[in-house]
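Hi,

Here is the structure I promised to hand over. My notes follow directly below it.

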Amino acid sequence: MKAPRHSPCSACRNEPRVVCVSQKGQATIPKGLREEFGIETPGRVFVYEDQGRIIIEPVPSLDELHGIHAGEHERGEVLERVREIKDEKRKMRVERLHPSEDQ
């Protein structure tokens with residue numbers, strides 16, 4: 001008998017997950033996280049090291065970048081703004097899925 005599949009609850013999202021790494025160095029990002037962060041398959045992600053941790057972030061779409069580079073910016077400022085926009089969109093999705101009791 002298979003265990004029932006469920007989407008990750010808000011309390012479980014931050015829990016570490018074990019994923020397998022193939023001989024080619026490939027790892028699968030769990031579906032719930034891909035959906036939450038808008039990672040398309042096939043798709044691309046940024047992968048980098050920050051303070052001893054491996055960070056994986058979605059590559060912004062062209063629509064998300066439209067007009068964001070107008071004017072002069074400091075190095076990394078555009079990517080930071082894209083992250084802010086993505087965070088705002090993610091918060092809106094969470095609020096729609098889990099409305100507060102006040103509403």
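Arginine 83 is partly exposed, at 24% relative accessibility. The classes are set by relative accessible area: buried is under 20%, exposed is over 50%, and partly exposed is in between, with a 1.4 Å probe and protein chains only. Please note that this is a predicted model, in which local features need pLDDT of at least 70 and side-chain atom pairs count only at pLDDT 80 or more, while totals for chains, interfaces and linings use all residues. Residues are numbered from 1 along each chain as its sequence is written, and side-chain values use heavy atoms, with hydrogens and water left out.

Salt bridges

The whole structure holds three salt bridges. The criterion is a side-chain nitrogen of Lys or Arg within 4 Å of a carboxyl oxygen of Asp or Glu.

Arginine 83 pairs with glutamate 57, at 2.6 Å from N to O. Arginine 83 sits in helix α3 (residues 77-97) and glutamate 57 in strand β2 (residues 53-58), so this bridge ties together parts that are 26 residues apart in sequence. Glutamate 57 is buried, at 17% relative accessibility.

Arginine 83 also meets glutamate 80 in a salt bridge, with an N to O distance of 3.8 Å. Both residues belong to helix α3, three residues apart, or about one helical turn. Glutamate 80 is partly exposed, with a relative accessible area of 39%.

Elsewhere, lysine 31 forms a salt bridge with glutamate 35. The closest N and O atoms are 3.8 Å apart. Both residues lie in helix α1 (residues 31-37), four residues apart, about one turn of the helix. Glutamate 35 is exposed, at 53% relative accessibility.

The strands and the surface patch

Valine 47 is in strand β1 (residues 45-50). Is valine 47 buried or exposed? Valine 47 is exposed, with a relative accessible area of 55%. Leaving aside residues up to four places away in sequence, valine 47 touches Ile54, Ile55 and Ile56. Contact here means heavy atoms within 4.5 Å.

Isoleucine 56 lies in strand β2. Isoleucine 56 is partly exposed, at 45% relative accessible area. Together with Val47 and Ile54, Ile56 forms a nonpolar patch on the surface. The three have about 320 Å² of accessible area together. Patches take residues with over 30% relative accessible area and no salt bridge; like charges are joined within 9 Å, and nonpolar side chains (Val, Leu, Ile, Met, Phe, Trp, Tyr) within 5 Å.

The chain overall

The protein chain has three helices and two strands. Along the sequence the pattern is α-β-β-α-α. Helices (H or I, at least four residues) and strands (E, at least two) are DSSP runs, numbered from the N terminus.

Of the 103 residues in the protein chain, 11% are buried. Among contacts with a separation of 6 or more, 25% join residues 24 or more positions apart. The accessible surface of the chain is about 9,600 Å², and 53% of that belongs to carbon and sulfur atoms. Accessible areas come from the Shrake-Rupley method with a 1.4 Å probe; for residues, only the protein chains shown count as cover.

Best wishes
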